Amino acid sequence: MALNLITVAGTALPDPSEYSGTTVDFVDSGRNAAGVIVSDVIRSDIARIDATWNYLSLSQWASILSLFKNSFTNPVRFLNQVTGAYETRTMYVGDRTTGGAVSSGGRIIGWQKAKLQLIEV
């Protein structure tokens, strides 16, 4: 049964083999003359998702990457680690990498360790 952990622009991605949520706060900080940190939180609870698939076919990986070709940002529905609930936020795709190519019968048929980052705008 698919969990549908990540949906991009209405398209459910295959469930990743590894799913990692990161929550970031943007902080403007420095130290005053007494050496004490002075800071202001600019924005809190910014989401980032790191997803890895142990194996994806060439067409699966191409379909996932095509979701980001026409639009830099997309609505992404994901399981938020902070709330424990599914949420939709506007995100862009960060680094996209693959491990080794998988071949069969003398031709490439897929990718091992396909990874991408989705980062909240």
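A residue counts as buried when its relative accessible area is under 20%, as exposed when this value is over 50%, and as partly exposed when the value falls in between. These words are used throughout the legends below, which describe a predicted model.

**View A. A salt bridge joins Lys-113 and Glu-18.**
The closest N and O atoms of Lys-113 and Glu-18 are 3.2 Å apart. Because Lys-113 belongs to strand E8 and Glu-18 to strand E3, this pair ties together parts that are 95 residues apart in sequence. Glu-18 has a relative accessibility of 41%, so this residue counts as partly exposed, and Lys-113, with a relative accessible area of 35%, is likewise partly exposed. Side chains of opposite charge can pair when their charged atoms come close.

**View B. Strands E3 and E4 form a hairpin.**
Strand E3 covers residues 18–31, while strand E4 covers residues 37–57, and the two pair in the antiparallel sense over 13 bridges. Between E3 and E4 there are 5 residues, and Gly-35 in this turn has a positive phi of about 85°. Within this pairing, Ser-20 has Asp-50 in E4 as its bridge partner. Val-38 has its place in strand E4, and if residues up to four places away in sequence are left aside, Val-38 touches Asp-28, Ser-29, Gly-30 and Asn-32. With a relative accessible area of 48%, Val-38 is partly exposed. How far apart in space are Val-38 and Gln-60, which are 22 residues apart in sequence? From C-alpha to C-alpha, the distance between Val-38 and Gln-60 is 48 Å.

One of its members, Phe-26, lies in strand E3. Is Phe-26 buried or partly exposed? Its relative accessible area is 46%, which means that Phe-26 is partly exposed.

**View D. Asp-50 can be followed from a salt bridge to its strand partners.**
The side chains of Asp-50 and Arg-48 meet in a salt bridge, with 2.9 Å from N to O. Asp-50 has a relative accessibility of 19%, and because the cut-off for this class is under 20%, the residue counts as buried. Arg-48, in contrast, counts as partly exposed at 30% relative accessibility. Asp-50 in E4 is the bridge partner of Ser-20, and Asp-50 also stands opposite Gln-117 in E8. This second arrangement belongs to the pairing of E4 with E8, which runs in the antiparallel sense over 9 bridges. In a regular strand the side chains alternate between the two faces of the sheet.

**View E. Strand E6 pairs with E5 and with E8.**
Strand E5 spans residues 73–79 and strand E6 spans residues 86–97, and these two pair in the antiparallel sense over 7 bridges. Phe-78 finds its bridge partner in Glu-87 of E6. The hairpin of E5 and E6 has 6 residues between the strands, and in this hairpin Gly-84 takes a positive phi near 70°. E6 also pairs with strand E8, residues 107–120, in the antiparallel sense, here over 5 bridges. In this part of the structure, Val-93 stands opposite Leu-118 in E8.

**View F. Glu-120 takes part in a network of salt bridges.**
The place of Glu-120 is in strand E8, and with a relative accessibility of 14% the residue counts as buried. Glu-120 forms a salt bridge with Arg-89, in which the closest N and O atoms are 2.8 Å apart. This pair links distant parts of the chain, since Glu-120 in strand E8 and Arg-89 in strand E6 are 31 residues apart. Arg-89 is buried, as is Glu-120. The side chain of Glu-120 is also joined to that of Arg-43 by a polar contact of 3.3 Å. Which residues are linked in the network of salt bridges? They are Arg-43, Glu-87, Arg-89 and Glu-120. Not counting residues up to four places away in sequence, the residues that Glu-120 touches include Asp-45, Ile-46, Ala-47, Thr-90, Met-91 and Tyr-92.

Terms used:
Residues numbered from 1 in each chain as written. Predicted model: local features only at pLDDT ≥ 70, side-chain atom pairs only at ≥ 80, totals over all residues. Heavy atoms only, no water. Helix = DSSP H or I, 4+ residues; strand = E, 2+ residues; numbered from the N terminus. Buried < 20%, exposed > 50% of the residue type's maximum accessible area, 1.4 Å probe, protein only. Contact = heavy atoms within 4.5 Å. Pairing = 2+ DSSP bridges. Polar contact = N/O pair within 3.5 Å; in protein donor to acceptor, adjacent residues only side chain to side chain. Salt bridge = Lys/Arg side-chain N within 4 Å of Asp/Glu carboxyl O.
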